[in-house]
Amino acid sequence: MSRLFESSDINDMKLANHFVRSATWEGMASPEGEVTQKLINTMTALARGGVGLIISGHTYIRQEGQASPWQLGVYKDALVPGLCKMTEAVHEAGCKIVMQLAHAGHFAPENLTGQPPVVASNYEGLSLKPRKELTAQDIQDMVAAFADAAIRARSAGFDGVQIHAAHGYLLSQFLSPIFNRRGDGYGGSIQNRARIHVEVVHAIRKAVGKDFPLLIKMNCQDFAENGLSLEDSLIAGELLADAGLDAIELSGGLLTGKKLSPSRIGINSAEKEAYFREELSAFKKKIRIPLILVGGIRSVEVAEQLVADGSTDYIAMSRPLIREPDLVSRWKSGDRRRAECKSDNLCFGPGLEGGGIYCVSLEHEKTK
Ligand SMILES: Cc1cc2nc3c(=O)[nH]c(=O)nc-3n(C[C@H](O)[C@H](O)[C@H](O)COP(=O)(O)O)c2cc1C
Ligand code: SF4
C-alpha cells in the first residue's frame, strides 16, 4: 500500500490518510449562513467516501466578508450549534474536518452584505462602486475577528482551522501588489504585505493554543501582471511557518487573473494534472512544515508519485469529490481508474441558483 493511504498527523490531528478535500463552497447554507441538513448530508457522504480530512467551504468570519450566496458563516456565536451538528456527523463517519476562515474583501458583493466592500487599498481603477480602505485600527479588528472565528470553530468541534489567503480574497489582496498599495506597515515589501497574516496566526494561536491545527491556503503566485510572485510567496510562506503555522496548502491565481480559469479546465492528461507542481518544488526546498498540493489532481498514479518522491505531503482535491465523493475509497479498493470529473466547472451553476452544487456533467451524461 502506498504512503498516500497511510495514516498521518498534522499537529495533534490524526488523519486516516494523505487525502484532503480542498475547501469547496457548496452553496448549501441558509441565507444567513447557517448549516442545513443538505450540507450535513454532503459532508457525511464525503466523510464516508474515504478522504482523511475535509476542509469546509470558505466560511465568512464577518458579515461584510461574505463572498457568495448560501455560503457558510461563522460570524456570530448563534451559528455554533448548527456547526456542531455538522462536525458530529463527520466525526461519526470517522473523518476529520477543518474550517476555512474567510473574508472576501473587494469581492464581497454589496447586494449580499448591505455595505461597500472593505479593501486593503482603495485606488482609482479598482471599482466604479464605493470601497472602504481598512485603517490600521480596522486591521487590528479584522485580526481579532479571525481569532474569534477560530474560537467558534473550536467550540463547534472542528479539528482545526485554515486561513483563506488565496484566489484574490481579502488576505490574498494584502499579499498582492495589485491590490495592496498601502504606504504603512501593511504595504510595500513582502514582509509588510504578509504582516496581517502573521498577526492573524499569532492571534489565533493565542486564542486556541499551540496544539490546535492551524493551516493556510495561499497563492504560490497570482499569475497576473504585477501580482504576487513566487519569490515573494516563498518569503511569506517562511514567515508564516516561523509564526507557528502547521501546514500550507498551495493554490494560485486571482478571481480576476487571466490564467486562473484556463489552467483549471480541461484536465484530460497526466501532464495537465497538478498544475502548481513547479511552484510546489520551490516551496519544498525552503519550507519545513507539511505542504498540501491542490489543483487538477485526477489520477492515483500522479498522486502517489507526488507523495512518494517527497514533492508534497498531502494531496487535495475539490471537483473530483463533487462528482465522486467516494473517490478515495474507490482507489483504495483497487479500482484505480482516473477521477471521472471532466473539469468543466459546470458545478458552480446550480450553487449560484440556490440549489447547491452538484455534478451537472454527470446529469447531462445520464440524460444522453
Ligand atoms: C464549486 C467550487 C467551490 C470552491 N470553493 C472554494 C472555497 O470555498 N475555498 C477555496 O479555497 N477554494 C475553493 N475552490 C477551489 C478549490 O478548492 C480548488 O482549489 C480548485 O478547484 C482546484 O482543485 P481541483 O482541480 O481539485 O478542483 C472551489 C472550487 C469549486 C469548483
Ligand atoms: S460539473 Fe464538471 S467540474 Fe464539476 S464535478 Fe462535474 S465534471 Fe467535475
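Colleague: Which hand does the crossing of helix 4 and helix 7 have?

Modeller: A crossing is left-handed if the near helix is turned anticlockwise from the far one by less than a right angle, and right-handed if clockwise. The crossing of helix 4 and helix 7 is right-handed. Helices here are DSSP runs of H or I with at least four residues, strands are runs of E with at least two, and both are numbered from the N terminus. This is a predicted model, where local features need pLDDT of at least 70, side-chain atom pairs count only at pLDDT 80 or more, and totals for chains, interfaces and linings use all residues. Residues are numbered from 1 along each chain as its sequence is written, while chains are lettered from A and ligands numbered from 1 in the order in which they are written.

Colleague: At what angle do the axes of helix 4 and helix 7 cross?

Modeller: Two packed helices are described by the angle between their axes and the distance between the axes. Axes are lines fitted to C-alpha atoms, for helices over the stretch in contact, and angles run from 0 to 180 degrees between N-to-C directions. Helix 4 (residues 136–155) and helix 7 (residues 195–208) have axes that cross at roughly 40° and come within 9 Å. That makes helix 4 oblique to helix 7. Angles under 35 degrees count as roughly parallel, over 145 as roughly antiparallel, 65 to 115 as roughly perpendicular and the rest as oblique.

Colleague: Which residues in helix 4 meet helix 7?

Modeller: Contact means C-beta atoms, placed from the backbone, within 7 Å. In helix 4, they include Ile 139, Val 143 and Phe 146; among their partners in helix 7 are Ile 196, Val 200 and Ile 204. The contact has 13 nonpolar, no polar and two charged residues. Ala, Val, Leu, Ile, Met, Phe, Trp, Tyr, Cys and Pro count as nonpolar, Asp, Glu, Lys and Arg as charged, and the others, Gly among them, as polar.

Colleague: Which residues come nearest to ligand 2?

Modeller: A residue is near a molecule if its C-beta atom, placed from the backbone, lies within 6 Å of it. Of 14 residues around ligand 2, Cys 341, Leu 346, Cys 347, Cys 359 and Ser 361 come nearest. Helix 12 (319–323) and helix 15 (360–367) each give two or more residues to this shell.

Colleague: Is Phe 223 buried or exposed?

Modeller: Buried means 20 or more other C-beta atoms within 10 Å, exposed means 12 or fewer, and partly exposed lies in between; C-beta atoms are placed from the backbone. Phe 223 is buried, with 20. Its phi is positive, about 55°, although Phe 223 is not a glycine.

Methods. Contact = placed C-beta atoms within 7 Å.
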